[in-house]
Every structure is written in C-alpha cells, then in structure tokens.
Amino acid sequence: MVVPKQYHYVGPVEIKQRVLNSAVCPSVYSKQDLLQRLRELEFEFRPNQSLIVTYVIDTSGFLKITDRHNEHVICASGHNVFSAGEMTFGYHKQDCVIENITNQSTGYCPEPESWHAVQSALNHIGIEHPEYFEPAFHFRRCTHCGQTNLIKDNWFVCAVCENELPKDWNFDK
Ligand SMILES: [Zn+2]
C-alpha cells in the first residue's frame, strides 16, 4: 500500500492557537461512530435533510468531522492530515449517505490526489459516497505576496498581487 502524503497546517498562526482551547474531535472508526458524531452535530435523520461538515482524514487514515464553522486545524487538533475539506451528509432510503465531498481547506490546501485517503477512510466505515471530489480544488501560494490562492478555470494569477502563480503545488516549503 502506498503511504499517503501528509499535509501540514499552512494557515494563520492565530487560528492554530485556538486548538489549545478546543475539544478533541474523535476519530470515526465505524458507521456507528459516524452516526453518533452526526447526532452530536444535530443532523436530522430524515429525507430531504442535509448537513455540511468540516472533515479531515488524520494520519492514521481515519475520518474526523466537526461543525462546518470550525477550522480544519481544530478538527485535526493541530496535527498533519492526509486530506481535508467539506462533506455533505444526506438521508436516503432510511440510511445516512454522503452526497458531496470537496478538498476545500485553505488551512491544509490538500491536492486532489488526496482523494485516495478519503476513499479509503470511507470504505473502512462502509458508507455510500461519491466517487471523487466535487469540485476538486487546486491551491497555490503566491511566491510574491504569500497569499493562498484557490485556482479557478486554470487561471494561475494571484488574486491579491496579480503575479503569476507556480504551476506546481507549493505548500511544502
Ligand atoms: Zn500575490
């Protein structure tokens, strides 16, 4: 098995400091754990209900979810992750399913390739889920002003200083 790439936190230091005062977000090892977590997040297990949550895949390969208003670094207790983003839960045919998953996390800026870690964690839990990120985001750090940019429509230009952005993922420096 290929060991997934680890992503370290690249967001503002002030946010990471909040980890110290935040409750530890438990890992989800089973479907039962997941349903328990969703209940804690006040998900209503009824048709036409959906809930968007913040998630990370920890470096043991397990899912963690928290309220979408929480930062990924809080969800991960400040640690590295295999992936991070947002998940939408829904309820169909009397079962809980995942309707959508993204890799949108400016705290960790995970690459689309981190999908494999997400898929592996979800297969372990045994929950119905999409086949890929929708959308799959690309992040680049501006080498001139340091801004974290979310690439849209293949437009590799910094939103702040308008300098050209690198073609390769560059948060590992
Ligand atoms: Zn810039």
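Predicted model: local features only at pLDDT ≥ 70, side-chain atom pairs only at ≥ 80, totals over all residues.
1. Residues are numbered from 1 along each chain as its sequence is written, and side-chain values use heavy atoms, with hydrogens and water left out.

2. Helices (H or I, at least four residues) and strands (E, at least two) are DSSP runs numbered from the N terminus.

3. Strand S3 pairs with S1 (residues 50-58) in the antiparallel sense over nine bridges, and Leu51 has Phe89 of S3 as its bridge partner. S3 also pairs in the antiparallel sense with S4 (residues 95-101), over six bridges, with Thr88 opposite Asn100 in S4. Pairing requires that DSSP finds at least two bridges between the strands. S3 and S4 form a hairpin with two residues between them, and Lys93 in this turn has a positive phi of about 50°.

4. The domain assignment gives domain 1 as 13-136 and domain 2 as 139-173, with bounds that come from an automatic or database domain assignment. Their centres, taken over C-alpha atoms, are separated by 26 Å. Eight residues from domain 1 and five residues from domain 2 take part in the contact, which is defined by heavy atoms within 4.5 Å.

5. About 490 Å² is buried between domain 1 and domain 2, with carbon and sulfur atoms giving 75% of this area; buried area is the accessible area (1.4 Å probe) that two parts lose on being put together, summed over both. On the domain 1 side, Thr106, Cys109 and Glu111 lose the most area to domain 2, and together they give 74% of what that side buries.

6. Most residues other than glycine have a negative phi, and most peptide bonds are trans. The peptide bond from Glu134 to Pro135 is cis, with omega near -5°, and Pro135 lies in the loop between helix H4 (115-125) and strand S5 (138-141).

7. Glu42, in the loop between helix H2 (31-40) and S1, has a positive phi near 65°, and Glu42 counts as exposed because its relative accessibility is 67%. Glu162, in the segment after strand S6 (148-151), has a positive phi of about 65°, and Glu162 counts as exposed at 66% relative accessibility.

Notes:
Buried < 20%, exposed > 50% of the residue type's maximum accessible area, 1.4 Å probe, protein only.
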